[in-house]
Amino acid sequence: MSIFSGRAFAVRAGLCLAAVAAMTMSMALPSQAADPRQQLHDDFTAATVGKKIAWVPVWLGVLESEWTRVMKENFEDKGIEFVMRDPNFKSDVQLQAVSTLINEKPDILIVQNPTTTLLARELKRAMSEGIKVIQVNMSSNTTTDAYVGVDVPKMGRLLAKEALAVCGGGKGSGKVAILQGEATAAYSLDMTNAATETLEKDPSIKIVSSQPVNWDANKASEVMTNVLQQHPDLCSIISVWGPQTAGAAQAVKNAGLQGKVKIFVGSDGQPADCDMIDQGLYTKNLSYTANLQGEQIVTAALALLQDPRPAGSTHYAFYTTNYWVSGPEDRRYCFTVSK
Amino acid sequence: MSLIRDILDRVFFPNRDVHAISSLDGGFSPNRRLDDAEIIADLPGVNGVCIGENGSVYASSGNQIVCWPNGDFLKSSTFAELDALVGSLATHPDGRVFAAVSGRGIVALNGEGQITGRLEIVGDTPLECVTAIAVLPDGSVAITDGSRHYAVEGWLQDLMEKRIGSGRLVLCNADLLSARVVCDGLSWPAGIATASDALTLLVTEAWTHRLLSIVVDTGAQTVLVKNFAAYPGRITPSSSGGFWIAFFAMRTQLIEFVLREDAFRNRMMRSVAPDLWIGPSLGDHFDYREPTQIGRIKKLGIQKPWAPPRSYGLVARIDAAGTAVESLHSRVSGTTHGIMDIADTGGQLIVASRGNGKLVKIELERGKAS
Amino acid sequence: MRRIWYRLSPQMLIGELLEKRWMEPIVPFALMLAMFAAFLLAIPDYASVVQIQLLMRSFPEQAFVAIAMAISILSGGIDLSVGAVFAMANFLALYLFLVQEWSLPLVLAGTLAWGVLIGAVNGGLIAYAKTRPFLTTMVVLIIVRAAYNKATIAYSAQLASGYVENAAWDFIGIGTAGGIPFNMVCLIVIGLATHIYLTRIRSGVHIMAVGSSRKAARHAGINVKWSLFLAYLLSGVLASFAGFLYAARQNSAGTDTGVGWEVNALAAAVVGGISLSGGRGTIARAMIGATIIFLLINGLVQLGTHGSLTTAAIGFILLLAVGFNVKFVKHKSTILQKMYVSPTLVNFKEPPSIERGSGSVFAENDRLLAVEPIGLGKIEGPEDVILDRYDNLYTVNRNGSIIRFLAPDYEVREEFARIGGRPLGLAMDKDENILACVAGMGVYGVRPDRSIFKVTDETARTWYRFKDDSRILLADDLDIAPSGLIYFSDASTRYELTDWALDGFEGRGNGRLLCYDPKTNKTTTVLSGLAFPNGVCVSHDGRCVYWVSTWLCRIYRYWIEGEQKGTLEIMVDNLPGYPDNINRASDGTYWLAFVGIRSPAFDLAMEDPAFRVRMVKQIPPDEWLCPGINYGCVIKFDDNGNVLESLWDPGAENHATITSMREHKGYLYIGGLENNRIGRLKLPDADQNWTSWDSYYAKDLQVASDVKTMEVDHVVDS
């Protein structure tokens, strides 16, 4: 099936290319004089059409699927070849996929790093091979041409401030639990560090738990059940990511503490997260709106394509704006999943 | 491939014989009882046997009917001599003996062996292949006509030609008049007996290896047993309950295979003498040139009893449901092959071995009634 | 066309191929190639140098883990902990290198020490505490995995930010040696070493033996516990070495590292065709399996397949492989048997009549009725008989011995010598040694003092056949030419004696005529492609060798002297029976035994190989048609190819088969492969002093005896 769609895509891209070529030729001949708007368009076309962009997420979850959808729609619209490789949460496979793609020499490589180290070396190699690299949301130890995603420390601080607001200064027990994602993933690591720093400024706050749950709701549920047994007076939970928090929220609900334990979540704005808010299972949800983020990835890619400088010369950062979701009225900050 | 064919067969033709031949186990477990039996008489070409009034035993052999009056096997006499091969025999309560005559039909003989009646044609079709006769409780006579294409001696040709069944079940009154066809299109019906309820007849169908139950009035058939391991022949009520069936030859995988191989079989029938065909045999002839199978190669001069049989001796007693209760065997190495007929005197079973041309007698154990 | 097809018979080639042990992994191997080819077509630049390099670089760690799993399976158990051990080793290597900043050799040593430790735990529990491998290694898997998760969390920050520039480390991770990635070089070297270890080194072979049958291994004196312990130790070390390589290459210890690798390794072993019941399989097969799994995942990802589909595909392949493995192993012998028998086309004409009173020379008669039995019930299968100059009767027995019946009444039976195998045709040389063709062994001799010697047991191998035919499989009959050359037949190179009727069913030229030269001690193949050559007999004048093709029912003449030397001709064709041994008769003609009588139905089947092929496929071997070898007779022919007479045993009551007869001083002695006696028939019209030995060697003695006679005459005269 994927082979078929890949072919269909190639054909479509080919047709598109041919059409554009025909258009430019027919237009170039009669009017010699440079029309500035036409010139702009021509330059854009020359920089983008027929280029190849490769994308390797950690896997195709809801978030990644949303990015992929947005990218695919946009790039196809621009006549850019877009390929996606799904390693399905296997880091060795992801490394292989990235290595292979580097050999295929796309113009831009977009990656989501599962850890800070896994792809670091390969990304460096990619840039030395002339491939511009965009890292999405989860970056590596290698700085590349562009980063699109959350300002992770800021997000951590924002979440921590919310927790401080309800638990700090002697309010409640002052006990806060942090649910990390994957311990060695930049997103989780940096957010946890920033939140911890912020929290520790208030001496009345006690961080009773800060554990990675590997993006897994079941694991989060286990961890939170244990924490609640030891600290039934827990005041607040900070979680770096939405879907994994569902397990924690369920544990809170099962312990009969729903509403008493405030849950602040960093979220990509996937619909389930907003549902949780609606049901009162999360207290507040800091959405970075994956769909908009997808658009930003596209923007970054288009910018890099039009930038004549070689790979590795820029260090753009496109930080996402975060929106608080605290009730049904904020539904607009969650995207919808097309069936 | 063959598996798929089997599955399709079972789905679409539930009544057709399954591909595999059933194995000889349960009531059909092999033994030597036929070979251990006492020989009553050497009678080459023996075909039918039946019990008359006061225990007289009649047996057909060639054109003759031999009689042992009062069941005394020391004295025999020729009861009648007819003008063609005599097959199945049956006695009527009024003392008459009915005899099947190959190519002619059936005749009724009085106590002195004189012909008193004949039935030679039913409808427009001559009755040339009478395989079995049974007298019903009401005195009427049921007859099976094996095939329209061959007389009784042509049984092997009829089997190997694999024609659509053309055998009939015929019913007439005690005077062999007003005959009517109860059932047509049977595949070599070879034996007949009245079931215990007197309303149905049990009929063996040799080429489809089945036992049928046929309602006398309507001709409606029910299959009682559908996959005998041998070709069933005559059937007779047993004094210990149920019925005796004589099996005149065994099915083998090779024969079944050749029956599927139409091209080869036709070539064989054209170019090879019937005695040397790959096919069942009654065991009544010997030839150096008959086909051999790997398992039948003699070892140290000994024929293994479990070798694939060319001829075999088998009689089985079945219960009302068609399940074998007991059986008597003469295995491949045995000398009582090609059982054409059986007669139950009440205490003894008399078995006609065509293959080895003899009548043997088995004392029946009492109390084995089911 | 049809004839050529059946003669060349691709089916036979495949059948003989399948019989080869090295053919077992053919299916996985073909699958691997097919998969590579498929991706080659589907993915552009799949076979480019860089891409191949990349594949080679990504593969070795998985292959190592698969080998580790394979070794545990080959030992008869399973090691589910390989994935976790691998992950932990990966962590340890990173930790020791990045956090503790040990030197590289120490890091390697430390990592391997971990493998040894965990291998010892596994092995110790399984071998010495007799715990179940599955449960034990599963528990170890869970414990190690948990420890790994704790450890990575504890050191996540250091590991995430640790980044050491070290040339040697990078060389192990991403370096190449002669264009081949370093880790691939490791895999090749260690893979080969492991293969040699398991197949050539004593303790490795012991692991395989224990896997095949623990009981048998114990009976053979193998230290079963130690072997099992070693297997798990090796498994642990290999898995941890993979972890070390992985650490150098990936520099990353993620939560997913090694997760599910035990499943992939198990899949690799199964897909590669390693028997889950142990003892059967090779390292190469594990590699093939691992390659298939690896290529599949890699290829599907490159094609942009959704991750869940990739996983499903692996599951499906695994299921297929397990099914195939189980079915194939279970039915291999049946498949082989059905594939192996490869009937060919033989056209027969209608033979002369054997009907009693038909006037044919072959007509059935009662001439063997008067045969008196010798050794009735005291002999099993006297295929051939021979008599010495003192009238003692020698014959062969099916237990591998030469039996002697002492003259004059042949009541006393003694075992003259025991050769083994199944002795068949006999001959006596000038020194009165008995030479015997021994099925399954070759040609052997027995001296008058009962000592046994080997004449020959092999010839040159046919270069174009898969089946090794250098050994003499079914030596059947022999004779000695005046030059001392021993001519003998190897009746079939495809079937053993017990299956000789199958050779007839096949009807193919599987046999050959061989010649042994005592001077050079070499055996050469004189004629090959013969349908059961048999009945070798040197003519009275010593100029030609008569032999028969049992299944083609022909007598051939092969010239060994004179101007026609080296030519072959058919002397009698279309015999009504299957000819067997030929021996000289006193009147200058030859006796020939018919081991069986042809059946027209079988002749017809021989003309239809497709019919026979279907027969082989559809019905069990016991039910297959075969040549009619239950009844035999004896005939006589002369040097001009005229058949002179036939001798029948009606109904073959006494002699079920007749495979041989030997004339001696007015009697004909009759043997049969499946008889329980030797027959003796008085030949009133024959030369009552003629013996076979004299007919071969008396001429040489003639000179000597003539001199003696002359001397006697001289004395009388004077």
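**Close-up views of a predicted three-chain model**

**View 1. Where chain A meets chain C.** In this predicted model, 33 residues of chain A are in contact with 39 residues of chain C. Between them, chain A and chain C bury about 3200 Å², and carbon and sulfur atoms account for 50% of that area. The side of chain A that touches chain C is drawn partly from three helices, α1 (2-28), α4 (91-104) and α5 (120-128) of chain A, each of which supplies at least two residues. Of these, α4(A) provides the largest share of the side of chain A that touches chain C, namely 10 residues.

**View 2. A salt bridge between chain A and chain C.** The count of salt bridges between chain A and chain C is one, and the residues that form it are A:R121 and C:D170, whose closest N and O atoms are 2.7 Å apart. Polar contacts are counted separately for this pair of chains, and there the count is 12 residue pairs, with both residues at pLDDT 80 or more.

**View 3. Where chain B meets chain C.** Here 32 residues of chain B are in contact with 42 residues of chain C. The area that chain B and chain C bury between them is about 3300 Å², with 62% of it on carbon and sulfur atoms.

**View 4. Polar contacts and salt bridges between chain B and chain C.** Four salt bridges are counted between chain B and chain C, and one of the salt bridges between these chains links B:K299 with C:E674, where the closest N and O atoms lie 3.4 Å apart. Across this interface there are also 14 residue pairs in polar contact, both residues being at pLDDT 80 or more. On the side of chain B that touches chain C, at least two residues come from each of α3 (253-260), α4 (262-271) and β22 (292-293) of chain B. With five residues, α3(B) gives the most to this side of chain B. The residues of the side of chain B that touches chain C comprise 15 nonpolar, eight polar and nine charged ones.

**View 5. Strand pairing between chain B and chain C.** Strand β22(B) is joined by two bridges to strand β22 (residues 625-626) of chain C, and the two strands run antiparallel. Within this pairing, B:Q293 stands opposite C:L625 in β22(C). As background for this view and the next, strands of a sheet pair through backbone hydrogen bonds, either parallel or antiparallel.

**View 6. A four-stranded sheet in chain C.** Which order do the four strands of this open sheet of chain C follow? The order is β3-β27-β26-β25, and the pairing is antiparallel. The strands at the edges are β3 (372-374) and β25 (660-664) of chain C, each of which pairs on one side only. On average, neighbouring strands of this sheet are turned by 30° against each other, when direction is ignored. Between β3(C) and strand β27 (residues 678-682) of chain C there are three bridges in the antiparallel sense, and in β27(C) the residue C:R680 is the bridge partner of C:E372.

Conventions: Residues are numbered from 1 along each chain as its sequence is written. Chains are lettered from A and ligands numbered from 1 in the order in which they are written. This is a predicted model: local features need pLDDT of at least 70, side-chain atom pairs count only at pLDDT 80 or more; totals for chains, interfaces and linings use all residues. Side-chain values use heavy atoms; hydrogens and water are left out. Contact means heavy atoms within 4.5 Å. Buried area is the accessible area (1.4 Å probe) that two parts lose on being put together, summed over both. A salt bridge is a side-chain nitrogen of Lys or Arg within 4 Å of a carboxyl oxygen of Asp or Glu. A polar contact is a pair of N or O atoms within 3.5 Å; within protein, one must be able to donate a hydrogen and the other to accept it, and residues adjacent in sequence count only if both atoms are side-chain atoms. Ala, Val, Leu, Ile, Met, Phe, Trp, Tyr, Cys and Pro count as nonpolar, Asp, Glu, Lys and Arg as charged, and the others, Gly among them, as polar. Two strands pair if DSSP finds at least two bridges between them. Axes are lines fitted to C-alpha atoms, for helices over the stretch in contact, and angles run from 0 to 180 degrees between N-to-C directions.
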